[in-house]
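Hello,

Here is the structure I promised to pass on. My notes follow below it.

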Amino acid sequence: HKPIVLIGGGTTRIGDPSFRSAARPILSEDEIAANVAGIRKVFERLLTFGDGPTDAVMVNNAEWLDRMAWIDMLRDVGKHFSVNRMLSFDSVKSRLEQQENLSFLEFNYMILQAVDFLELFRRTGCRLQLGGGDQWGNIVGGVDLLRRIEGAEVFGMTTPLLTTASGVKMGKTAAGAVWVNADRLSPYDYWQFWRNAEDADVVRFLKLFTDLPLDEIERLGRAEGADLNVVKERLANEATALAHGQHAAERAQQTAREAFGQGEAAAGLPTVELDNAERAAGVVLVDLLVRAGLASSKSEARRAVAGRGVRIDGEVVEDA
(Lines give C-alpha, C1' and ligand atoms only; values in the text may rest on other atoms or scores of the structure.)
Protein backbone atom coordinates (compact mmCIF):
# COMPACT_ATOMS: atom_id res chain seq x y z
CA HIS A 1 0.00 0.00 0.00
CA LYS A 2 1.10 3.58 -0.67
CA PRO A 3 0.07 6.26 1.87
CA ILE A 4 -1.17 9.55 0.44
CA VAL A 5 -1.11 12.40 2.94
CA LEU A 6 -3.64 15.01 1.85
CA ILE A 7 -2.98 18.55 3.06
CA GLY A 8 -6.12 20.70 3.06
CA GLY A 9 -4.60 23.90 1.74
CA GLY A 10 -7.77 24.53 -0.24
CA THR A 11 -10.50 23.22 2.07
CA THR A 12 -9.03 24.96 5.12
CA ARG A 13 -10.11 28.23 3.49
CA ILE A 14 -13.69 27.08 4.21
CA GLY A 15 -13.50 24.85 7.27
CA ASP A 16 -15.22 21.55 8.02
CA PRO A 17 -18.51 22.14 9.92
CA SER A 18 -18.76 18.51 11.11
CA PHE A 19 -20.10 18.31 14.69
CA ARG A 20 -19.07 21.90 15.43
CA SER A 21 -21.38 24.39 17.13
CA ALA A 22 -19.86 27.39 15.35
CA ALA A 23 -18.02 28.22 12.16
CA ARG A 24 -14.25 27.83 12.10
CA PRO A 25 -12.30 31.09 11.87
CA ILE A 26 -11.25 32.07 8.35
CA LEU A 27 -7.46 31.78 8.10
CA SER A 28 -5.15 34.04 6.14
CA GLU A 29 -2.89 32.65 3.39
CA ASP A 30 0.14 33.05 5.69
CA GLU A 31 -1.60 31.15 8.51
CA ILE A 32 -2.54 28.35 6.11
CA ALA A 33 1.04 28.12 4.82
CA ALA A 34 2.38 27.93 8.39
CA ASN A 35 -0.10 25.17 9.28
CA VAL A 36 0.80 23.18 6.17
CA ALA A 37 4.50 23.38 7.05
CA GLY A 38 3.80 22.23 10.61
CA ILE A 39 1.68 19.28 9.50
CA ARG A 40 4.35 18.23 7.00
CA LYS A 41 6.96 18.04 9.78
CA VAL A 42 4.70 15.77 11.83
CA PHE A 43 4.13 13.27 9.04
CA GLU A 44 7.79 13.22 8.07
CA ARG A 45 8.52 11.73 11.51
CA LEU A 46 5.91 9.00 11.08
CA LEU A 47 6.08 8.02 7.39
CA THR A 48 8.81 7.43 4.84
CA PHE A 49 8.41 9.80 1.89
CA GLY A 50 10.06 9.09 -1.44
CA ASP A 51 9.68 7.69 -4.94
CA GLY A 52 9.48 4.00 -4.01
CA PRO A 53 6.34 1.94 -4.69
CA THR A 54 5.28 2.01 -1.01
CA ASP A 55 6.82 5.37 -0.04
CA ALA A 56 4.36 7.99 1.15
CA VAL A 57 3.52 11.04 -0.95
CA MET A 58 2.12 14.36 0.21
CA VAL A 59 -0.34 16.37 -1.89
CA ASN A 60 -2.19 19.63 -1.30
CA ASN A 61 -5.79 19.96 -2.44
CA ALA A 62 -5.19 23.63 -3.20
CA GLU A 63 -3.51 22.30 -6.36
CA TRP A 64 -6.89 21.47 -7.89
CA LEU A 65 -9.48 23.28 -5.73
CA ASP A 66 -7.91 26.72 -6.22
CA ARG A 67 -8.18 26.28 -10.00
CA MET A 68 -11.72 24.90 -10.06
CA ALA A 69 -14.26 27.12 -11.84
CA TRP A 70 -17.51 27.64 -9.94
CA ILE A 71 -19.84 26.93 -12.88
CA ASP A 72 -17.88 23.82 -13.83
CA MET A 73 -18.08 22.56 -10.25
CA LEU A 74 -21.86 23.06 -10.16
CA ARG A 75 -22.38 21.39 -13.53
CA ASP A 76 -19.94 18.48 -13.20
CA VAL A 77 -20.09 17.74 -9.48
CA GLY A 78 -23.00 19.55 -7.81
CA LYS A 79 -25.62 17.75 -9.88
CA HIS A 80 -24.64 14.46 -8.22
CA PHE A 81 -25.40 15.66 -4.68
CA SER A 82 -28.84 15.53 -3.08
CA VAL A 83 -29.42 18.33 -0.59
CA ASN A 84 -31.95 16.10 1.17
CA ARG A 85 -29.27 13.47 1.73
CA MET A 86 -26.66 16.02 2.78
CA LEU A 87 -29.05 17.32 5.43
CA SER A 88 -29.57 13.80 6.77
CA PHE A 89 -25.95 13.28 7.88
CA ASP A 90 -25.46 13.52 11.65
CA SER A 91 -22.63 16.04 11.29
CA VAL A 92 -25.02 18.52 9.66
CA LYS A 93 -28.18 17.54 11.55
CA SER A 94 -26.55 18.11 14.93
CA ARG A 95 -25.70 21.66 13.92
CA LEU A 96 -29.20 22.43 12.63
CA GLU A 97 -30.98 20.78 15.56
CA GLN A 98 -29.09 23.08 17.92
CA GLN A 99 -30.31 25.99 15.76
CA GLU A 100 -26.72 27.00 15.10
CA ASN A 101 -26.00 28.91 11.91
CA LEU A 102 -24.62 26.79 9.05
CA SER A 103 -23.37 28.99 6.22
CA PHE A 104 -23.57 28.01 2.57
CA LEU A 105 -19.79 28.30 2.55
CA GLU A 106 -19.44 25.50 5.11
CA PHE A 107 -22.20 23.44 3.50
CA ASN A 108 -19.99 23.14 0.41
CA TYR A 109 -17.25 21.38 2.40
CA MET A 110 -18.75 17.93 1.89
CA ILE A 111 -18.72 18.42 -1.88
CA LEU A 112 -15.11 19.62 -1.91
CA GLN A 113 -13.90 16.63 0.12
CA ALA A 114 -15.69 14.37 -2.36
CA VAL A 115 -13.84 16.15 -5.17
CA ASP A 116 -10.57 15.42 -3.33
CA PHE A 117 -11.32 11.68 -3.41
CA LEU A 118 -12.20 11.92 -7.09
CA GLU A 119 -8.97 13.76 -7.92
CA LEU A 120 -6.78 11.40 -5.90
CA PHE A 121 -8.40 8.41 -7.61
CA ARG A 122 -7.71 9.91 -11.03
CA ARG A 123 -4.17 11.00 -10.22
CA THR A 124 -2.89 8.12 -8.08
CA GLY A 125 -5.47 5.33 -8.16
CA CYS A 126 -6.40 5.98 -4.51
CA ARG A 127 -9.16 3.57 -3.44
CA LEU A 128 -9.35 4.02 0.33
CA GLN A 129 -9.91 7.18 2.35
CA LEU A 130 -9.29 7.09 6.11
CA GLY A 131 -10.48 9.59 8.71
CA GLY A 132 -12.05 10.16 12.08
CA GLY A 133 -15.64 9.25 12.77
CA ASP A 134 -16.76 12.83 12.23
CA GLN A 135 -15.68 12.46 8.56
CA TRP A 136 -18.08 9.63 7.78
CA GLY A 137 -20.59 11.72 5.85
CA ASN A 138 -17.87 13.49 3.86
CA ILE A 139 -16.16 10.20 2.95
CA VAL A 140 -19.42 8.54 1.92
CA GLY A 141 -20.06 11.56 -0.32
CA GLY A 142 -16.77 10.88 -2.09
CA VAL A 143 -17.48 7.14 -2.43
CA ASP A 144 -20.85 7.93 -4.00
CA LEU A 145 -19.41 10.59 -6.33
CA LEU A 146 -16.77 8.18 -7.66
CA ARG A 147 -19.41 5.54 -8.30
CA ARG A 148 -21.55 8.02 -10.24
CA ILE A 149 -18.80 9.69 -12.31
CA GLU A 150 -16.16 6.98 -12.74
CA GLY A 151 -18.20 3.84 -12.11
CA ALA A 152 -15.48 2.91 -9.62
CA GLU A 153 -15.76 1.00 -6.35
CA VAL A 154 -13.81 2.76 -3.62
CA PHE A 155 -13.91 2.57 0.16
CA GLY A 156 -13.97 4.64 3.33
CA MET A 157 -12.71 3.69 6.78
CA THR A 158 -13.32 5.74 9.91
CA THR A 159 -12.22 5.41 13.52
CA PRO A 160 -14.15 6.62 16.57
CA LEU A 161 -13.09 9.98 17.98
CA LEU A 162 -10.99 9.24 21.05
CA THR A 163 -12.19 10.11 24.52
CA THR A 164 -10.70 9.48 27.92
CA ALA A 165 -12.38 7.14 30.41
CA SER A 166 -14.10 10.18 31.92
CA GLY A 167 -15.66 11.01 28.54
CA VAL A 168 -13.47 14.00 27.61
CA LYS A 169 -12.68 14.23 23.90
CA MET A 170 -8.99 13.95 23.00
CA GLY A 171 -9.36 16.40 20.14
CA LYS A 172 -7.05 18.97 18.64
CA THR A 173 -9.57 21.74 19.36
CA ALA A 174 -10.72 20.55 22.78
CA ALA A 175 -9.55 22.11 26.03
CA GLY A 176 -6.16 20.84 27.11
CA ALA A 177 -5.32 19.87 23.51
CA VAL A 178 -2.51 17.37 23.00
CA TRP A 179 -0.27 18.53 20.14
CA VAL A 180 2.44 16.37 18.56
CA ASN A 181 4.25 19.52 17.39
CA ALA A 182 7.04 20.36 19.82
CA ASP A 183 6.47 24.10 19.29
CA ARG A 184 2.86 23.73 20.47
CA LEU A 185 3.45 21.25 23.30
CA SER A 186 6.91 20.40 24.59
CA PRO A 187 8.06 16.74 24.58
CA TYR A 188 8.10 16.95 28.39
CA ASP A 189 4.44 18.06 28.54
CA TYR A 190 3.56 15.43 25.94
CA TRP A 191 5.23 12.78 28.13
CA GLN A 192 3.36 14.07 31.17
CA PHE A 193 0.02 13.78 29.38
CA TRP A 194 0.48 10.03 28.94
CA ARG A 195 2.01 9.62 32.40
CA ASN A 196 -1.10 11.20 33.91
CA ALA A 197 -3.55 8.98 32.01
CA GLU A 198 -6.49 7.73 34.01
CA ASP A 199 -6.03 4.19 35.33
CA ALA A 200 -8.91 2.88 33.23
CA ASP A 201 -7.29 4.21 30.03
CA VAL A 202 -3.79 2.77 30.34
CA VAL A 203 -4.27 -0.58 28.56
CA ARG A 204 -6.38 0.97 25.80
CA PHE A 205 -3.81 3.71 25.21
CA LEU A 206 -0.97 1.16 25.13
CA LYS A 207 -2.82 -0.69 22.37
CA LEU A 208 -3.64 2.45 20.38
CA PHE A 209 -0.54 4.61 20.80
CA THR A 210 2.40 2.21 21.08
CA ASP A 211 3.90 -0.60 19.02
CA LEU A 212 4.21 -2.97 21.99
CA PRO A 213 3.09 -6.58 21.33
CA LEU A 214 -0.40 -7.35 22.62
CA ASP A 215 0.78 -10.12 24.93
CA GLU A 216 3.17 -7.68 26.62
CA ILE A 217 0.37 -5.11 26.96
CA GLU A 218 -1.85 -7.73 28.57
CA ARG A 219 0.92 -8.50 31.05
CA LEU A 220 1.43 -4.82 31.85
CA GLY A 221 -2.33 -4.41 32.24
CA ARG A 222 -2.36 -6.74 35.23
CA ALA A 223 -0.36 -4.23 37.30
CA GLU A 224 -2.03 -2.66 40.33
CA GLY A 225 -1.24 0.01 42.88
CA ALA A 226 2.24 1.51 42.69
CA ASP A 227 3.16 -0.89 39.88
CA LEU A 228 0.57 0.85 37.69
CA ASN A 229 2.65 4.04 37.83
CA VAL A 230 5.55 2.12 36.27
CA VAL A 231 3.24 1.03 33.46
CA LYS A 232 2.13 4.64 32.93
CA GLU A 233 5.77 5.65 32.55
CA ARG A 234 6.18 2.90 29.97
CA LEU A 235 3.16 4.27 28.10
CA ALA A 236 4.59 7.80 28.27
CA ASN A 237 8.01 6.63 27.04
CA GLU A 238 6.66 4.60 24.12
CA ALA A 239 4.19 7.26 22.95
CA THR A 240 6.71 10.10 23.27
CA ALA A 241 9.41 8.11 21.46
CA LEU A 242 7.08 7.63 18.49
CA ALA A 243 6.29 11.35 18.25
CA HIS A 244 9.56 12.97 19.35
CA GLY A 245 12.25 10.26 19.34
CA GLN A 246 13.75 8.00 21.98
CA HIS A 247 16.14 10.65 23.30
CA ALA A 248 13.30 13.10 23.97
CA ALA A 249 11.33 10.40 25.79
CA GLU A 250 14.27 9.47 28.02
CA ARG A 251 15.00 13.12 28.77
CA ALA A 252 11.35 13.79 29.69
CA GLN A 253 11.32 10.81 32.05
CA GLN A 254 14.54 11.97 33.70
CA THR A 255 13.19 15.51 34.09
CA ALA A 256 10.02 14.18 35.70
CA ARG A 257 11.95 12.02 38.15
CA GLU A 258 14.19 14.94 39.11
CA ALA A 259 11.22 17.24 39.59
CA PHE A 260 8.83 14.94 41.40
CA GLY A 261 10.98 12.10 42.66
CA GLN A 262 13.56 14.25 44.42
CA GLY A 263 11.34 17.25 45.08
CA GLU A 264 13.62 19.56 43.08
CA ALA A 265 12.67 21.99 40.31
CA ALA A 266 14.28 20.51 37.21
CA ALA A 267 15.61 22.63 34.37
CA GLY A 268 12.95 23.40 31.78
CA LEU A 269 9.98 23.28 34.13
CA PRO A 270 8.00 26.54 34.37
CA THR A 271 8.19 28.15 37.81
CA VAL A 272 6.53 31.18 39.40
CA GLU A 273 7.91 33.12 42.36
CA LEU A 274 5.30 34.56 44.76
CA ASP A 275 5.99 37.62 46.88
CA ASN A 276 5.09 37.71 50.56
CA ALA A 277 1.78 39.48 49.98
CA GLU A 278 0.71 36.83 47.47
CA ARG A 279 1.76 34.04 49.81
CA ALA A 280 -0.39 35.55 52.55
CA ALA A 281 -3.45 36.33 50.38
CA GLY A 282 -3.25 33.36 48.01
CA VAL A 283 -3.27 33.32 44.21
CA VAL A 284 -6.16 32.59 41.87
CA LEU A 285 -5.47 29.38 39.96
CA VAL A 286 -6.24 30.75 36.47
CA ASP A 287 -3.88 33.70 37.12
CA LEU A 288 -1.16 31.27 38.17
CA LEU A 289 -1.60 29.13 35.06
CA VAL A 290 -1.21 32.20 32.83
CA ARG A 291 1.85 33.49 34.74
CA ALA A 292 3.51 30.08 34.51
CA GLY A 293 2.97 30.02 30.76
CA LEU A 294 0.71 26.96 31.00
CA ALA A 295 -2.17 28.89 29.42
CA SER A 296 -2.20 31.90 27.11
CA SER A 297 -5.23 33.54 28.75
CA LYS A 298 -7.55 33.19 31.73
CA SER A 299 -10.30 31.85 29.47
CA GLU A 300 -7.96 29.18 28.11
CA ALA A 301 -6.99 28.28 31.68
CA ARG A 302 -10.66 27.91 32.64
CA ARG A 303 -11.28 25.70 29.59
CA ALA A 304 -8.33 23.52 30.58
CA VAL A 305 -9.83 23.08 34.06
CA ALA A 306 -13.25 22.34 32.57
CA GLY A 307 -11.63 19.71 30.35
CA ARG A 308 -10.03 18.07 33.41
CA GLY A 309 -6.63 19.01 32.04
CA VAL A 310 -5.23 20.56 35.25
CA ARG A 311 -3.88 18.66 38.24
CA ILE A 312 -2.40 19.79 41.55
CA ASP A 313 -0.24 17.18 43.26
CA GLY A 314 -1.70 14.57 40.95
CA GLU A 315 -5.33 15.41 41.76
CA VAL A 316 -7.61 16.64 38.94
CA VAL A 317 -8.87 20.17 39.63
CA GLU A 318 -12.67 20.27 39.31
CA ASP A 319 -13.29 23.94 40.11
CA ALA A 320 -11.30 26.84 38.60
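**What is in the model**

Thr240 touches Pro187, Tyr190, Trp191, Trp194, Gly245, Ala248 and Ala249, leaving out residues up to four places away in sequence. Contact here means heavy atoms within 4.5 Å. Thr240 sits in helix H12 (residues 226-244). Its relative accessible area is 0%, so Thr240 is buried. The cut-offs are under 20% relative accessible area for buried, over 50% for exposed and partly exposed in between (1.4 Å probe, protein chains only).

Some ground rules. This is a predicted model, in which local features need pLDDT of at least 70, side-chain atom pairs count only at pLDDT 80 or more, and totals for chains, interfaces and linings use all residues. Residues are numbered from 1 along each chain as its sequence is written, and side-chain values use heavy atoms, with hydrogens and water left out.

**Overall**

The protein chain has 16 helices and six strands. These are DSSP runs numbered from the N terminus: helices are H or I with at least four residues, strands are E with at least two. The chain has 320 residues, of which 36% count as buried. Take the contacts in the chain with a separation of 6 or more: 65% of them join residues 24 or more positions apart.

Strand S1 covers residues 4-7, and its side chains alternate. Val5 and Ile7 point to one face and are buried. S1 runs parallel to strand S2 (residues 57-60), and four bridges join them. Strands pair if DSSP finds at least two bridges between them. Leu6 has Val59 as its bridge partner in S2.

**H7 against H8**

Helix H7 (residues 109-124) and helix H8 (residues 136-149) have axes that come within 8 Å and cross at roughly 55°. H7 is therefore oblique to H8. Axes are lines fitted to C-alpha atoms, for helices over the stretch in contact, with angles from 0 to 180 degrees between N-to-C directions. Under 35 degrees counts as roughly parallel, over 145 as roughly antiparallel, 65 to 115 as roughly perpendicular, and the rest as oblique. The crossing of H7 and H8 is right-handed. That means the near helix is turned clockwise from the far one by less than a right angle; anticlockwise is left-handed. The contact includes Phe117, Leu118 and Phe121 of H7 and Val143, Leu145 and Leu146 of H8.

Gln113 lies in H7. At 8% relative accessibility, it counts as buried. Beyond its neighbours within four places in sequence, Gln113 is in contact with Gln129, Gln135, Asn138 and Ile139.

**H10 against H12**

The axes of helix H10 (residues 202-209) and H12 come within 10 Å and cross at roughly 25°. The two helices are therefore roughly parallel to each other. This crossing is left-handed. H10 brings Val202, Phe205, Leu206 and Phe209 to the contact, and H12 brings Val231, Lys232, Leu235, Ala239 and Leu242.

**Glu218**

Glu218 is in helix H11 (residues 214-220). Glu218 is partly exposed, with a relative accessible area of 39%. Glu218 and Val203 are 15 residues apart in sequence and 7.6 Å apart in space, C-alpha to C-alpha.

Best wishes
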